[in-house]
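The sequence and structure come next, and the notes follow.

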Amino acid sequence: MAKTTRLISAARGEIPADLILAKARVINVFTGEIDTGDIAIYGGKIAGIGDYKEAKKTINLNGRFVAPGLIDGHTHIESSMLDIGQYARAVVPRGTTSIVTDLHEIANVCGLDGIKYVLNFARRLPLEVFLMAPSCVPATPLETSGASLEPADIHRILRRKDCIGLGEVMNFPGVLAGDGNVLRKLQSARGKIIDGHAPGVTGKDLAAYVAAGITSDHESVTLEEAKEKLKRGMFVMIREGSSEKNLDALLPLVNDKNYKRFMFVVDDRSAADLLRDGDIDAVVRKAIRCGLEPVRAIQLATINPAEYFRLEGLGAVAPGYTANLIVISDLANLRIDQVFHHGHLVAEQGKPLFTPRQPAGSNLNRTVNIKPFGIEALKIPHSGETEPVIEVVPGQIITRRRQEKVKVADSTVIADTSRDILKLVVVERHKATGNIGVGLVKGFGLNRGALASSIAHDSHNVIAVGTNDKDILATVKEVENLQGGLVAVAAGKVLASLALPIAGLLSEEPLETVVDKLERLEDTARELGSVLDAPFAALSFLALPVIPELRLTDLGMVDVNNFKLIQK
């Protein structure tokens, strides 16, 4: 009560503000206009906008723009490979002051311990982290994960103060089939936000999915798909990540009548992209380049996600709102000069003004537990003239199913670099089951060597792609030796690597070091012939059996459209 009383007094000009941002041009996300005035801040909140003079500190903005801090409505911080403190160092200077995440990547490895680890460290950072309870741990029964969150676990997570809803419901076949576990999780989240994940779901199936209470989707890759979901009442998240780029296709759907039903998200963004290009600011910047009016673009990254997720006091520059603000000197190019969190300057000219605590993985280390195996386990018996092949789609995480004639030696299928058909392997790494899935993939372009990663959405077993079994085996063994990481090998020699000892997903090193090592890995992949912009990111999604059409898990090849294993 006393805080509110003092805020009221500061708003009336009866007591000095803590801070005044003078001579500001204020982005008004409610009206779509640009106002002018002085912004008075008291106790971490905005007291008022107008003619304010008395404050403990005044910063003259000289006509620069002030907008709300950006909100990323759907992101998996684990895909950055950064510990939460280093992640904040990357995104806060770029204007991201709030994120919504379900932490299902680390939960698939370490369960509740993984979620608690991230949230405990996040409390000390100038970044609002809102949790969506991970609905699908594991995502499907078609792979082996390190942990499982049952309906009772989800119910407990939903009761946390920092949990605002249920995370993306990836098991859309389970929803459509009325699976008991899935429905119990949905029931636990009644009254809260329930996010969706429905790639290619249409017609009556889409109606059933929405009728279950699911209100958003970030998986649309075509304008028609997004348009149908919009008409059925879903909020459309326009995704522009490192591997998933849908903004060009979906942005033309946004207009003055429907823009409140859209928001920008990144889903998955690499540390290199965060450092070099940006976070949600990069999406806003690209949208402006594509013709979206700058204030409208900012609305899709501030007030729209704030209202959808019911984030009280966030997403606008207005009295009573939290003073999470960005100062912009060039609106057309979204050049962000300063970032304020609760009224405190936390970043300036792209540099963080805070120092995160050092990461400490503790019981999240030593999570790579592989049953010993030899090269014979990687062979594919020749069973016919053709074999199913996963085709990578550049710039997307969907794949295509192809049936190809294959190269054979000694009655086993081998890689055919002349036709860009390579060996793909997934090795279970949580429970030492000995499960190994083997298959074929097209689209990487490697002409020698192999790549491997312990990041393999969503269960994060070890995934490897290569031109020969010896190098594939060497990459898997090196990932095991590192206790998680990314590796590039040729002729049996490790050429580049990045250790990810925290749950096999996150580094203990600074942002800049992670980026240097990642870029070295990507350069090495290109030297080995890779034609993909982000080969390790593309590799990480090939084990995700909830995205059409064809995937490989530790249990075998998965026909996602029919939601079943097609070979073991």
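## An aromatic pair across the sequence

F30 is partly exposed, with 41% relative accessible area; buried means under 20%, exposed over 50%, and partly exposed in between (1.4 Å probe, protein chains only). This is a predicted model, in which local features need pLDDT of at least 70 and side-chain atom pairs count only at pLDDT 80 or more, while totals for chains, interfaces and linings use all residues. Residues are numbered from 1 along each chain as its sequence is written, and side-chain values use heavy atoms, with hydrogens and water left out.

The model has 4 aromatic pairs. Rings of Phe, Tyr and Trp (its six-membered ring) pair if their centres lie within 6.5 Å; planes under 30 degrees apart count as stacked, over 60 as edge-to-face and the rest as tilted. F30 and Y321 form an edge-to-face pair, 6.0 Å centre to centre with 65° between the planes. F30 lies in the loop between β1 (17-28) and β2 (33-42), and Y321 in the loop between α14 (303-308) and β14 (325-330), so the pair ties together parts that are 291 residues apart in sequence. Helices (H or I, at least four residues) and strands (E, at least two) are DSSP runs, numbered from the N terminus.

## Other rings and charges

The pair of Y117 and F121 is tilted, because the ring centres are 5.1 Å apart and the planes stand at 50°. Both residues lie in helix α4 (residues 112-122), 4 residues apart, or about one turn of the helix. Y117 is buried at 7% relative accessibility, and F121 is buried at 14%.

Ring pairs also link F235, Y308 and F309 into a cluster. The charged end of R261 sits over the ring of F235, 3.9 Å from its centre. A charge sits over a ring if NZ of Lys or CZ of Arg is within 6 Å of the ring centre and within 35 degrees of the ring normal. The charged end of R296 sits over the ring of Y259, 3.6 Å from its centre.

## The surroundings of N108

N108 is in helix α3 (residues 104-110) and is buried, with 0% relative accessibility. A polar atom of its side chain lies 2.8 Å from the backbone oxygen of H104. Leaving out residues up to four places away in sequence, N108 is in contact (heavy atoms within 4.5 Å) with residues including C136, P138, S145, H430 and D458.

Strand β12 (residues 235-239) pairs with β13 over 4 bridges, and I238 has F264 as its bridge partner.

Another open sheet of 3 strands runs β18-β22-β21, with antiparallel pairing. Its edges are β18 (380-381) and β21 (407-409). β21 and strand β22 (residues 412-414) share 3 bridges, and K407 stands opposite I414.

## Nonpolar cores

The largest nonpolar core has 132 residues, with F264 and F444 making the most contacts inside it. Apart from it lies another core of 24 residues, among them V413 and I421. A nonpolar core is a set of buried Ala, Val, Leu, Ile, Met, Phe, Trp, Tyr and Cys residues joined through side-chain atoms within 4.5 Å.

Key. Polar contact = N/O pair within 3.5 Å; in protein donor to acceptor, adjacent residues only side chain to side chain. Pairing = 2+ DSSP bridges.
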